[in-house]
Amino acid sequence: MTSSVIRQAAVTVRVFTQRFSATPRGARLARRLALHQLDRWNLPYGSEVSDTAGILVAELAANAVTHGRVPGRDFELVLTYAPGLRLRVDVSDTRGERRPASAAPGPLDEGGRGLLLVDALASRWSVLDRVPVGKTVRAELDLGS
């Protein structure tokens, strides 16, 4: 009996996890540290992936601070990078009952466009339940050629 073995190159998945205060300052810091971490992972400042990831982190962190804030609770950022394959951005907050709205904003609305940006820039995004409490909004960028 002959068995065919498919060999794949090993992939080292890199992970960055940090909690931030659920304030505008915490959201800004999340974006800055995310870009710094991507640069350390050889996704340099100003590259297309870095710029796109920066926008995704900024929008998801701003949403966590604005709509998912519970006084005294932080939000969490997790970056998961599989070189050449995928970059995942997870932003978690403790307001599981407040899900992102899918309705498009009106032309005179001052907000509500952040998730339109996420939808346009990410390869895919979703909202996941977070155990024991809260939700995680996940955005992924496919990096494969």
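Predicted model: local features only at pLDDT ≥ 70, side-chain atom pairs only at ≥ 80, totals over all residues.
How many residues lie between strand 2 and strand 3 in their hairpin, and which residue in the turn has a positive phi? Three residues lie between strand 2 and strand 3, and Gly 84 has the positive phi, about 80°. Residues are numbered from 1 along each chain as its sequence is written, and side-chain values use heavy atoms, with hydrogens and water left out.

**Figure 1. Overview of the protein chain and its sheet.** The protein chain has three helices and five strands. Both are DSSP runs numbered from the N terminus: helices are H or I with at least four residues, strands are E with at least two. Along the sequence the pattern is β-α-α-β-β-α-β-β. The five strands make an open sheet in the order 1-2-3-5-4, with antiparallel pairing. Strand 1 and strand 4 (124-129) stand at the edges with a single partner strand each, so one side of each has no neighbour in the sheet. From one strand to the next, the twist averages 15°. Two strands count as paired if DSSP finds at least two bridges between them. Of the 145 residues of the protein chain, 35% count as buried. Buried means under 20% relative accessible area, exposed over 50%, and partly exposed in between (1.4 Å probe, protein chains only).

Figure 2. Strand 2 (residues 74-82) pairs with strand 3 in the antiparallel sense over seven bridges. Ala 82 stands opposite Arg 86 in strand 3. Val 78 has Asp 90 as its bridge partner in strand 3. Leu 77 stands opposite Val 91. Eight of the nine residues of strand 2 are buried, so the rest of the structure largely encloses this strand. For strand 3 (residues 86-93), six of the eight residues are buried, so it too is largely enclosed.

Figure 3. Strand 1 (residues 14-21) runs antiparallel to strand 2 and pairs with it over eight bridges. Here Phe 20 stands opposite Phe 75 in strand 2. Strand 3 is joined to strand 5 (residues 135-142) by eight bridges, again antiparallel. Ser 92 faces Thr 136 of strand 5 as its opposite residue.

Figure 4. A search of the whole structure finds two aromatic pairs. One of them is Trp 41 with Tyr 81, stacked at 5.7 Å centre to centre with 20° between the planes. Trp 41 lies in the loop between helix 1 (24-40) and helix 2 (48-67), and Tyr 81 lies in strand 2, so the pair ties together parts 40 residues apart in sequence. Both Trp 41 and Tyr 81 are buried. Rings of Phe, Tyr and Trp (its six-membered ring) pair if their centres lie within 6.5 Å; planes under 30 degrees apart count as stacked, over 60 as edge-to-face, and the rest as tilted.

**Figure 5. Glu 76 and its two arginine partners.** The structure holds seven salt bridges. In each, a side-chain nitrogen of Lys or Arg lies within 4 Å of a carboxyl oxygen of Asp or Glu. Arg 19 meets Glu 76 in a salt bridge at 3.8 Å, N to O. Arg 19 in strand 1 and Glu 76 in strand 2 are 57 residues apart. Arg 19 counts as exposed at 52% relative accessibility. Glu 76 counts as buried at 16%. Arg 130 also forms a salt bridge with Glu 76, at 3.6 Å, N to O. Arg 130 lies in the loop between strand 4 and strand 5, so its pair with Glu 76 in strand 2 ties together parts 54 residues apart in sequence.

Figure 6. Lys 135 forms a salt bridge with Asp 93, with the closest N and O atoms 2.8 Å apart. Lys 135 in strand 5 and Asp 93 in strand 3 are 42 residues apart in the chain. Both Lys 135 and Asp 93 are buried.

Note on methods. Axes fitted to C-alpha atoms, helices over the stretch in contact; angles between N-to-C directions.
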